[in-house]
Amino acid sequence: MSSLNIRNLRKSFGAVEVLKGINIEARTGEFIALVGPSGCGKSTLLAMIAGLESVSEGEIRIGDRLVNSVAPKDRDIAMVFQSYALYPTMTVRENITFGMESRGVPKPQRDEAVKRVAALLQIEPLLKRKPGQLSGGQRQRVAMGRALVRDPKLFLFDEPLSNLDAKLRVDMRTEIKKLHHRVGKTTVYVTHDQVEAMTLASRIAVMHQGQVQQFDEPQVVYDRPANMFVAGFMGSPAMNFIPATLTTDAEGKPAVSFKATGGTAVLTLQDGISPGAAGRDVILGVRPEHIFRYSHELKASKKSIASVDAPVEMVEPTGAETIGLMRFGELEVTGRFDPDEAPRMGETITLGIDMSHACLFDPVTRNLI
Amino acid sequence: MTDATIAAVHDREAAAASRRHFVSRTIIYALLTIFAVIYLAPLLILVFNSFREQPEIAQNGLIAFPRSFQLKAWAEAWSTYCIGGTCEGMRRNFLNSLWMAVPATILSTLLGAMNGYVLSKWRFKGSEVLFTLMLLGVFMPGQIALMPWAFLLGKVGLTNSTYGLILIHVVQGISFTTLFCRNYYVSIPDDLIKAARIDGAGFWRIFRKIILPLSPPILIVTVIWQFTGIWNEYLFGVVFTSGREQPITAALVALTASGTNVRAYDVMSAAVLIGALPPLLVYFLGGKYFVRGLTQGAIK
């Protein structure tokens, strides 16, 4: 049993409350990502799980054991730090075995464990080097080796990839995923990078201002964000928010209307959604990839597509796709286009919006309707 | 045609620039040489006089180029010269100083390292206040503590003893060594300590296995600083010890004040040099590391 259970966890530094009642649980073998902007409390939460910060209120359980006041070394955890935190005066081998040495594991067993981990991470040739002689990616591997070697109940990662360059980061991300697949340990992974969270985690906890905004599977968090913060934080470019009013379309179906350039646009909502009485103010959330160049073939194949005319203000080609900025009245709306269908600057384009993926938010509570 | 004129103009300017450069360099080096001579002259005169014969010094004056050579002043200063009735030279006082400075340096450095470790990596409520208070010791002149020390040494029975001086220098030195080590350890990332705690290492194990191996640069600085400071210290030595128990700095004064009719400048020079050699040696051997240790952080 190596599950993690956090109930009503609170943390205050003096009068400042940085964690305001956190509830998260990770099943055995699960990969949980804590994601949020800097200052949201995610690193503090991780430090509390590790035992490096004290608990002000609430419970942390690893397996069935309440560990609130258990010392870090007795929690049976391993942690990978953003700075790697390799001991600079020790060789890679000494770095990896330091923990076992501190716990009095006999030498033959230590050697055996180093061999196993070095093979797993392919760092055998580095064992005699000092951290200063390693590249960023190699240090990262050693840091993971140090965590893996002890076979702990729980793995904690604190933004382990943010010091690597972009390409290496993607490679290491894949490797962490493979590693987790092979080792199958319960893992808590802190990151501010929503792509890392999406790709790695089996469940994501999106944090903001000391609270968990949403804790769910990646695709659910992405498709049905619990509130406008989550919707805006997950996904890049960010989701478009369009203030709108509930109404009915020509056929009497529920729809939203908003001021577009050159008139009012009325977009029919997907069947089965009944967000409330007509006249209610809402915020329509549409992801950039659900905005594209309208065509009749598309409409024929997918009924949920609505259309709007909008002038194109700016075009940013990235190669794989082209980002277009369109004007909806006073708003700027971002769309992701196939380069072949990319809009041109100054053009007034007829946009198709896939309403089956649209979200509606309450403008006051900012929660998903 | 035009190219040639442009080149000529440039050549003139370049020549003027290199002339200016040459002149300014010459001035700089001349000034540096003058100051070096001013600083080194006393040392040079002492070295000369320690090898000159006393009659020749008397005849040609203290500051003169040597016209004679002898080694006997050194031997005399070391082991046979008479100070205040005892004829043992400086040897005993030299050994007193060594027996005082070495343990006091080691102890104060170790204590400073431990203090610095606690104040930077195991902060507690009030640790910053404590550190600020310790810093006051850096700015407090030693003479302020004379009376309290006299009282204390009397109470514990360590007056006129090298052990008493060791105690004084260890305590007086802790402010400095703590300041040096604490500021150096602050630059060691806290993540290292956290990682070690998760790895199961405790307070002492982290100190021994992680902090100390990172410390040589700052330990060299504190050792040099403490050793030269303690060796050269005079006030406590002269106040709390007398005669055979005096460190060499205090004994040198007794040497000049001893009542022989003829001033033995050759022996005095040799004695002063004997008293100055250890700090000079320490500086020559470790000076390079001193500057490096002060400017370099813990983690490159």
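Between domain 1 and domain 2 of chain A, the rule finds 0 salt bridges, a salt bridge being a side-chain nitrogen of Lys or Arg within 4 Å of a carboxyl oxygen of Asp or Glu. Polar contacts do turn up there: 2 residue pairs, both residues at pLDDT 80 or more. A polar contact is a pair of N or O atoms within 3.5 Å; within protein, one must be able to donate a hydrogen and the other to accept it, and residues adjacent in sequence count only if both atoms are side-chain atoms. On the domain 1 side, α7 (218-223) and α8 (228-233) of chain A each supply at least two residues, with α8(A) giving the most, 3 residues. Helices here are DSSP runs (H or I, at least four residues), numbered from the N terminus.

This is a predicted model, where local features need pLDDT of at least 70 and side-chain atom pairs count only at pLDDT 80 or more, while totals for chains, interfaces and linings use all residues. Residues are numbered from 1 along each chain, chains are lettered from A in the order written, and side-chain values use heavy atoms, without hydrogens or water.

Stepping back in chain A, domain 1 runs over 2-233 and domain 2 over 240-361, bounds that come from an automatic or database domain assignment. Their centres, over C-alpha atoms, lie 40 Å apart. The two domains bury about 740 Å² between them, 61% of it on carbon and sulfur atoms; buried area is the accessible area (1.4 Å probe) that two parts lose on being put together, summed over both. A:Tyr222, A:Met228 and A:Ala231 supply 64% of what domain 1 of chain A buries there, more than any other three residues.

Now over to chain B, whose mean pLDDT (the predictor's confidence in each residue, from 0 to 100) is 88. Its domains are 3-70 and 91-298, with centres 36 Å apart over C-alpha atoms. Each domain puts 10 residues into the contact, meaning heavy atoms within 4.5 Å. About 730 Å² is buried between domain 1 and domain 2 of chain B, and carbon and sulfur atoms give 72% of that. B:Leu46, B:Ser50 and B:Gln54 supply 58% of the area domain 1 of chain B buries against domain 2, more than any other three residues.

Again the rule finds 0 salt bridges across this chain B interface, and 3 residue pairs are in polar contact, both at pLDDT 80 or more. On the domain 1 side, α1 (2-51) and α2 (54-60) of chain B give two or more residues, and α1(B) has the largest share with 5 residues.
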